[in-house]
Amino acid sequence: MGWRGSGRGSGVRVRVLAAALLALCAAACGPSTASDAPDGGASASASRAGFSVRYEPPAAPDRTDAAFLRGHRILERASADLAGFVPAERLGPGVEVVGRSCGGEGSGYAPDARRIEVCYDDVAQERALFAGAGARPADEEVEAVLTETAFHEAGHALADVLGLDLGDRAEEDAADQFAALMLIRRGAAGERQLRAAAREYELSAAGDADTASGAGARDEHSSDLDRATRHLCYLYGADPARNTDLVGTRLLSRERAGRCGQEWRGVREAWQKRLG
Ligand SMILES: [Zn+2]
């Protein structure tokens, strides 16, 4: 299994290229390049149990965004939730959750290093997206999306560690479902975060349509609009009373909403079964 991106923003394709270049370099550049390479931490991360959080020094343009990620304890809180849900014995060796500057390459999961990477620069990207829709300073929305991204990548980490072998698209959908599950487990506050994550997909889809780059799936992930609709469907399925306003909207038809309870229970049970 290779790099698993979040499918958010414009960096995914760049990321694939960067990974390919890194692989080439690993073969050709020799050990002298490894002095401060992130891969140097792979053995260290494997010796840590559970989900451990670490921050790389930010590139100069990312300092404020790195401070935001750290200050809101987004990764620490996500890791604590994961530790409370994923049985330690199922996880085996640890998974690192790393905040870092990615130069716009996008957050993702690196199976070789068992490392979830959440990008400081995603903070600026998401803030700009929500600001464009009139939300300023959009702190809550940015925190929600970064949290959902961390949980999505944790879903990939679990697929890797548990050897789920679902196939690319099914694994992406399972990772989205894992993110929804982890947020809904937070109760009303988490449901608001999942709404913000769905809104982000909706805004991304609109942005893609505007720039004529296509609103469809840009990689193995489902299309942004499908991802938004499913998140809303899980919200309604999990708690119809609190989320009744989502029904009969552009994304969630009444007809679809009628199936969301069953859909949500299937999602929850599938992950509970995988985690034993
Ligand atoms: Zn993904």
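Predicted model: local features only at pLDDT ≥ 70, side-chain atom pairs only at ≥ 80, totals over all residues.
1. Asp165 sits in the loop that runs between H7 and helix H8 (168-184). The backbone there deserves a look as well, for the phi angle of Asp165 is near 50°, which is a positive value in a residue other than glycine.

2. Arg114 can be read alongside that case: phi of Arg114 is near 50°, again a positive value in a residue that is not glycine. The setting of Arg114 is a loop between two strands, namely strand S4 (108-110) and strand S5 (115-119).

3. One further backbone feature should be noted, which is the cis peptide bond joining Arg136 and Pro137, with omega at about 0°. Pro137 itself is placed in the loop between H6 and H7.

4. On confidence, the mean pLDDT of the protein is 86, and 82% of its residues reach 70 or more.

5. As to the overall build, the protein has 12 helices and five strands, and of its 276 residues 51% count as buried. When contacts between residues at least 6 apart in sequence are taken together, 70% of them join residues at least 24 apart.

6. How are H3 and H6 arranged where they pack? Helix H3 (residues 63-71) and helix H6 (residues 120-132) pack at an angle of about 95°, their axes being 8 Å apart. That angle makes H3 roughly perpendicular to H6. In this contact, Asp65, Ala66, Phe68 and Leu69 of H3 meet Tyr120, Val123, Ala124 and Arg127 of H6. Sorted by class, the contact of H3 with H6 has six nonpolar residues, two charged residues and no polar ones.

7. A second pair of helices, H10 and H12, packs at an angle of about 95°, with the axes 7 Å apart. H10 and H12 are therefore roughly perpendicular to each other. The residues that meet are Cys233, Tyr234, Tyr236, Gly237 and Ala238 in H10 and Cys260, Gly261, Glu263, Trp264 and Val267 in H12. By class, the residues of the contact of H10 with H12 divide into seven nonpolar, two polar and one charged.

8. Arg268 also lies in H12, which spans residues 260-274, and this residue is partly exposed, with a relative accessible area of 30%. Although Arg268 and Phe178 are 90 residues apart along the chain, their C-alpha atoms are separated by 8.2 Å.

9. Asn243 is found in the loop between helix H10 (224-238) and helix H11 (254-257). Leaving aside residues up to four places away in sequence, Asn243 touches Glu191, Arg195, Leu235 and Tyr236. Tyr236 is also listed among the residues of H10 that meet H12.

10. Ala196, finally, lies in helix H9 (residues 188-210) and counts as buried, at 12% relative accessibility. With residues up to four places away in sequence not counted, Ala196 touches Phe130, Glu141, Ala144 and Val145. The C-alpha atoms of Ala196 and Glu143 are separated by 9.3 Å, while the two residues stand 53 residues apart along the chain.

Methods. Residues numbered from 1 in each chain as written. Heavy atoms only, no water. pLDDT = per-residue confidence, 0-100. Axes fitted to C-alpha atoms, helices over the stretch in contact; angles between N-to-C directions. Helix = DSSP H or I, 4+ residues; strand = E, 2+ residues; numbered from the N terminus. Parallel < 35°, antiparallel > 145°, perpendicular 65-115°, else oblique. Contact = heavy atoms within 4.5 Å. Nonpolar A, V, L, I, M, F, W, Y, C, P; charged D, E, K, R; others polar. Buried < 20%, exposed > 50% of the residue type's maximum accessible area, 1.4 Å probe, protein only.
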